[in-house]
Amino acid sequence: MARHPGERLRVAVVGGGVMGERHARTIAADPRAELAAVVDLHADRAQALAARHGSRAESAVPREVDAVVVATPTTTHADVAVGLLARGQWCLVEKPLAHTLDAARALRDPKCRVGHVARCPPALRAAGPLRP
């Protein structure tokens, strides 16, 4: 979808768990973005997350969004994102990207990106210096 200068990016979040909450909060707080929808298999969880961030719960990702954050369990990333990518949707998929090599290969698409929201979580910093 073509956007006009100054128009807010409409983003849907799929997954109402911990990472979905983080993404929803970040999107809702960004004046350049709109949390357009929250999707989760558990309607009550989607509704609660959407209500906390001034959005709406949906049973599926609306076609009118500009991008989708996939924050579901890793084993479902490909199941969720492949159909969205097939319809030309930009997707940011939480890490790890996929649980198998085949699932990762299914997500090879120029419109698929991997999320790196928590680059330095407190638990990793507390572990001290790490060597590869």
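Author: A disulfide is here a pair of cysteine sulfur atoms within 2.5 Å. By that criterion the structure holds zero disulfides. Cys 91 is in none, and the nearest cysteine sulfur, that of Cys 112, is 6.1 Å away. Seen from Cys 112, the closest cysteine sulfur is that of Cys 91, and 6.1 Å is too far for a bond.

The model is predicted: local features need pLDDT of at least 70, side-chain atom pairs count only at pLDDT 80 or more, and totals for chains, interfaces and linings use all residues. Residues are numbered from 1 along each chain as its sequence is written, and side-chain values use heavy atoms, with hydrogens and water left out.

The relative accessible area is 3% for Cys 91 and 11% for Cys 112.

Cys 91 belongs to strand 5, residues 90–93. Strands (E, at least two residues) and helices (H or I, at least four) are DSSP runs, numbered from the N terminus. In a regular strand the side chains alternate between the two faces of the sheet.

Next come the neighbours of strand 5. Two strands pair if DSSP finds at least two bridges between them. Strand 4 (residues 67–70) runs parallel to strand 5 and is joined to strand 5 by four bridges. Within this pairing, Leu 92 is the bridge partner of Val 69. Right-handed means that, with the strands pointing away from the viewer, the path from the first strand over the helix to the second runs clockwise.

Strand 5 also pairs with strand 6 (residues 112–114), again in the parallel sense, over three bridges. Here Val 93 stands opposite Val 114. The chain goes from strand 5 to strand 6 by way of helix 4 (residues 101–106), and this β-α-β crossover is right-handed.

Technical notes. Buried < 20%, exposed > 50% of the residue type's maximum accessible area, 1.4 Å probe, protein only.
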